[in-house]
Amino acid sequence: MDHFNYRDGVLCAEEVPLSRIAAQVGTPVYVYSTATLTRHFGLFQQALDWTEHLVCFAVKANSNLAVLKLMGDLGAGMDVVSGGEYARARAAGVPGERIVFSGVGKTRDEMRMTIAGGIRQFNVESEPELRALSEVAASMGAEVPIALRVNPDVDARTHEKIATGKSENKFGIPIARSREVYAEAARLPGLKVVGVDVHIGSQLTDLDPYRQAYGKVAELTRALRADGHEISRLDLGGGLGIPYRRDNSAPPLPIEYGQVIRDTVGHLGCEIEIEPGRNIVGNAGVLLSQVIYVKQGEGRDFLIVDAAMNDLLRPAMYGAHHDIVPVTEPAFDRAYRPFDVVGPICESGDTFQKGTSLPEMADGDLIAFRSAGAYGAVMASEYNSRPLVPEVLVNGDQFAVIRARPTYEDMLSRDSIPEWL
Ligand SMILES: Cc1ncc(COP(=O)(O)O)c(C=O)c1O
Ligand SMILES: N[C@@H](CCCC[NH3+])C(=O)O
């Protein structure tokens, strides 16, 4: 359930008509709902209320400072994968003790910065990273909590570009080799082994891969304890999928996911960390856009809109589907016909949907791409020198711009021409 519904014939975010946001902020623009974000975070809290836990919001899904502040104020921890994400989490007021650091390529600079600023745990993904972290921590006189991210070789049954738990993926330490690596970790200075980490992929619509992966983590935890390690935390990653189509069967709910966690690792008495991103913020956001032209092609009609692949990359990158709906509620008896919905960028790949059924549209009409709150704004670029898409947060009947649209002057001021040219 989200908070984007038609009221008096206009699509609203909570109580704010999207047409009002378009008039005041312009389009394209991302619009998020505070109520949906709050509700979705609460569902994960509830799913784990049977145990000590920390829900670490995956900052990569949406790193806007206001969104992070909202999450942090609700009690979320953060899962970060770069110095930049760490800086954002801290700027949003989240203490280091609630931040876990994941990712295959942490640099020494990032290690130094996060150790100095305070960190809950590093999720270490390789032996070279383990040794580098040991050197950095020891040189700072620190002892940093670590978990090893293990690769359980489980098929997450998701898009191949976002599956991370198979042996051919770059992520994690092969689970079969992990006991040796834990032994090395225990010997190295500057490190304190506290747990096991796993993350098998994103947009999972089936709980069975989780069951398999967490079963392997449970087995490993027992073996590690027998080896003498104190394993007190399990970081079980993120990845729970969302419905991208109104009409298809919905993926499992957080409460069902929480039950899988309880069934597989609940008996170990560990503190549980999870790292959901998409499931919290995906359906808490839409991309609001405006029709520039309705263009007649040969055998097909194009809806040329002012959002483009640089603003919402997922369709071009993964062939992903986002429901497209008119902001003005179509009359009951309105005829629908197929359109190819495309952006203004000079690539045929700048196509959001082919042959999508929409009511008759005219220049200036508003549309919304649903389920765009996760991996939307964060993956946006300025390709074709288009200003980075702005973001708005709605709360009840009020809204605020939480990222402004840069002016052309802002954009130009970042480049410089050397004096010898
Ligand atoms: C380590 C890690 N944690 C958490 C996530 C968040 O995943 P999702 O947004 O699918 O919940 C990801 C992305 O797949 C990730 O790589
Ligand atoms: N960017 C991807 C998700 C990546 C998950 C990151 N580990 C998407 O839009 O679906």
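A: Strands are DSSP runs of E with at least two residues, helices are runs of H or I with at least four, and both are numbered from the N terminus. This is a predicted model, in which local features need pLDDT of at least 70, side-chain atom pairs count only at pLDDT 80 or more, and totals for chains, interfaces and linings use all residues. Residues are numbered from 1 along each chain as its sequence is written, while chains are lettered from A and ligands numbered from 1 in the order in which they are written.

Q: Which strand does β4 run antiparallel to?

A: That strand is β14 (residues 285-296), joined to β4 by four bridges; strands pair if DSSP finds at least two bridges between them. Strand β20 (residues 391-395) pairs with β4 in the parallel sense, also over four bridges.

Q: What are the bridge partners of Y30?

A: Y30 is partnered by L287 in β14 and by E391 in β20.

Q: New topic: where does K60 lie?

A: K60 lies in the loop between β5 (53-58) and α3 (65-74).

Q: Is K60 buried or exposed?

A: K60 is buried, because 22 other C-beta atoms lie within 10 Å.

Note on methods: A residue is buried if 20 or more other C-beta atoms lie within 10 Å of its own, exposed if 12 or fewer, and partly exposed in between; C-beta atoms are placed from the backbone.
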